[in-house]
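The sequence and the structure are shown first.

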Amino acid sequence: MTRNCADVAVVGGGILGLAHAYMAAKHGRSVVVFERGMRAQGASVRNFGMIWPIGQPPGPMHDIALRSRSLWLEVLEWSMLPYLPTGSLHVVYREDEKAVVQEFCELTRGSGYECSWLDSDEVLSRSHAVRPEGLLGGLWSPIELTVDPRLILWQLPEFLASQFGIQFCYGTVVRSIDLPLVEAGTQRWEVQSAIVCSGDDFETLYPDLFAGSGINRCKLQMMRTRPQPGGWQLGPSLASGLTLRFYSSFSICKTLERLKLRITDETPEYDHWVIHGLVSQTAGGELTLGDSHEYGHSVDIFDKPKIDELIIRYIGTFLRAPNLEIAQRWHGVYSRHPQKPFVSMNPADGVRIVTAVGGSGMTLSFGLAEKTVHEMGL
Ligand SMILES: Cc1cc2nc3c(=O)[nH]c(=O)nc-3n(C[C@H](O)[C@H](O)[C@H](O)COP(=O)(O)OP(=O)(O)OC[C@H]3O[C@@H](n4cnc5c(N)ncnc54)[C@H](O)[C@@H]3O)c2cc1C
């Protein structure tokens with residue numbers, strides 16, 4: 001058995017693991033990252049790639065999201081990995097949706113959101129991908145970024161290795177942490193600190209702590225089209241009326257209740273599967289479409305064609321794109337806490353678990369990593 005040394009061990013090669021590795025290395029620490037798969041395969045390569053501060057509620061979480069966005073830009077520029085400063089558009093076709101968006105603009109004025117109400121002509125001049133029939137307007141925000149999650153998760157490690165000398169051990173499960181010793185696959189490492197970003201794996205490390213934490217899982221169904229012909233560009237990533245009842249940012253709006261009641265009454269199946277319509281575009285020109293939410297500790301391995309149908313039907317009400325033929329279908333699973341926006345635990349001196357970022361892990365990753373590294377004194 002070989003024995004190696006580093007200042008910091010990071011468990012998990014998803015976006016939280018990479019962000020923590022980056023922040024620790026930027027502070028001059030030597031870092032080793034362990035990832036079970038031969039490359040990242042968890043939630044971080046299965047998402048929309050939306051860096052989405054508009055989904056975070058005013059206050060500390062929105063501040064972390066904005067800081068995270070700055071750090072994303074720093075690392076993307078430095079590594080020369082592609083991203084699109086697309087901004088976001090929540091498009092609305094119903095009066096109750098318009099009321100929520102307009103109230104949100106009112107309530108958040110001057111608090112860092114930089115968003116504005118656009119009438120239908122203004123929406124259509126910003127996006128050729130939005131259906132004009134019945135469009136009332138939309139919420140425009142210039143802040144959101146889009147990355148291609150698979151490309152970033154599979155290429156960022158190369159940059160981190162070459163720029164900072166971070167070591168990546170793929171195909172290597174961390175079996176135990178008893179500082180200074182970390183047992184990983186057939187290797188033994190001596191480290192000063194460990195950061196566990198194991199996503200929805202609650203069984204391998206600290207199972208007792210996870211069992212009492214209230215953290216559970218959420219399964220999401222997703223689809224991807226073929227590349228759009230002729231270099232067609234989506235422009236701003238699109239969200240819609242159903243999205244307004246999903247992100248906690250909009251829960252500050254009194255008008256939201258009426259919208260929620262109408263959706264429950266009119267389209268209960270969208271409530272049952274917690275479906276909302278989001279559309280982003282990859283570096284290769286494909287459109288990523290989703291998603292649904294099924295909560296619980298155990299995840300159904302079989303996907304439900306009915307859910308895909310509902311998502312496609314709803315997205316068809318607001319999206320016009322040259323080619324909506326589906327090329328890929330998959331599901332992703334993230335860990336989440338029913339009350340907390342993320343979970344940070346100290347199972348032992350020098351060890352920190354950071355997980356359960358729910359549907360906002362891409363957005364919050366670098367901001368949370370900066371916070372962890374600061375709190376651990378790295
Ligand atoms: C379908 C979908 C769409 C989403 N869309 C967005 C979005 O657009 N914007 C956004 O902000 N967020 C989005 N999210 C949420 C975001 O993807 C997650 O919050 C984030 O990816 C979680 O990152 P992570 O690193 O904690 O987990 P993961 O990406 O799951 O990574 C955890 C890694 O740890 C490894 N691991 C676990 N245990 C061990 C061990 N003992 N030893 C070695 N390796 C181990 C696993 O193999 C895994 O690769 C979405 C999520 C899903 C599922």
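A residue counts as buried when its relative accessible area is under 20%, as exposed when that area is over 50%, and as partly exposed in between. The model discussed here is predicted.

**A buried aspartate with a partner**

D308 has a relative accessibility of 6%, which is why it counts as buried. The residue belongs to helix 9, which covers residues 305-315. Leaving aside residues up to four places away in sequence, D308 touches Q221, M223 and R329. One of these contacts, R329, is also its partner in a salt bridge, with N and O 2.9 Å apart. The bridge links distant parts of the chain, since D308 is in helix 9 while R329 is in strand 17 (residues 326-336), 21 residues apart.

**Other salt bridges**

The whole structure contains 21 salt bridges. One of them joins E97 to R262, with the closest N and O atoms 3.3 Å apart. E97 lies in helix 3 (residues 95-108) and R262 in helix 7 (residues 256-266), so this pair ties together parts that are 165 residues apart in sequence. Both E97 and R262 are buried.

K371 and E375 form another salt bridge, at 2.9 Å from N to O. These two residues are four places apart in helix 10 (residues 361-375), and therefore about one helical turn separates them. K371 is partly exposed, with a relative accessible area of 32%, and E375 is partly exposed as well, at 42%. Elsewhere, salt bridges that share partners join R94, D96, E97, R262 and E266 into one network.

| Salt bridge | N to O distance |
|---|---|
| E97 and R262 | 3.3 Å |
| D308 and R329 | 2.9 Å |
| K371 and E375 | 2.9 Å |

D148 is placed in the loop between strand 7 (145-146) and helix 5 (149-164). Not counting residues up to four places away in sequence, D148 touches T282, A283 and G284.

**Aromatic rings**

A pair of aromatic rings is described by the distance of the centres and the angle of the planes. A search of the whole structure finds 15 aromatic pairs. In one of them, the ring centres of F168 and Y170 are 5.9 Å apart and the planes meet at 10°, so the pair is stacked. Y170 is partly exposed, with a relative accessible area of 24%. In another, the ring centres of Y314 and F318 are 5.7 Å apart with the planes at 65°, so that pair is edge-to-face. Both Y314 and F318 are buried. One aromatic cluster is formed by Y22, W72, W78, F159, F164 and F366.

The charged end of R39 sits over the ring of W154, 3.5 Å from the ring centre. The charged end of R150 sits over the ring of W330, at 4.7 Å from the ring centre.

**Strand 6**

Strand 6 (residues 137-141) is mostly covered, with five of its five residues buried. G137, L139 and S141 point one way from the strand, G138 and W140 point the other way, and all are buried.

What joins strand 6 to strand 4 (residues 88-92)? Five bridges do, and the two strands run antiparallel. In strand 6, G137 is the bridge partner of V92. Strand 5 (residues 116-119) is joined to strand 6 by four bridges, again with an antiparallel run. In this case L118 stands opposite G138 of strand 6.

Definitions and conventions
Residues are numbered from 1 along each chain as its sequence is written. This is a predicted model: local features need pLDDT of at least 70, side-chain atom pairs count only at pLDDT 80 or more; totals for chains, interfaces and linings use all residues. Side-chain values use heavy atoms; hydrogens and water are left out. Buried means under 20% relative accessible area, exposed over 50%, partly exposed in between (1.4 Å probe, protein chains only). Contact means heavy atoms within 4.5 Å. A salt bridge is a side-chain nitrogen of Lys or Arg within 4 Å of a carboxyl oxygen of Asp or Glu. Rings of Phe, Tyr and Trp (its six-membered ring) pair if their centres lie within 6.5 Å; planes under 30 degrees apart count as stacked, over 60 as edge-to-face and the rest as tilted. A charge sits over a ring if NZ of Lys or CZ of Arg is within 6 Å of the ring centre and within 35 degrees of the ring normal. Two strands pair if DSSP finds at least two bridges between them.
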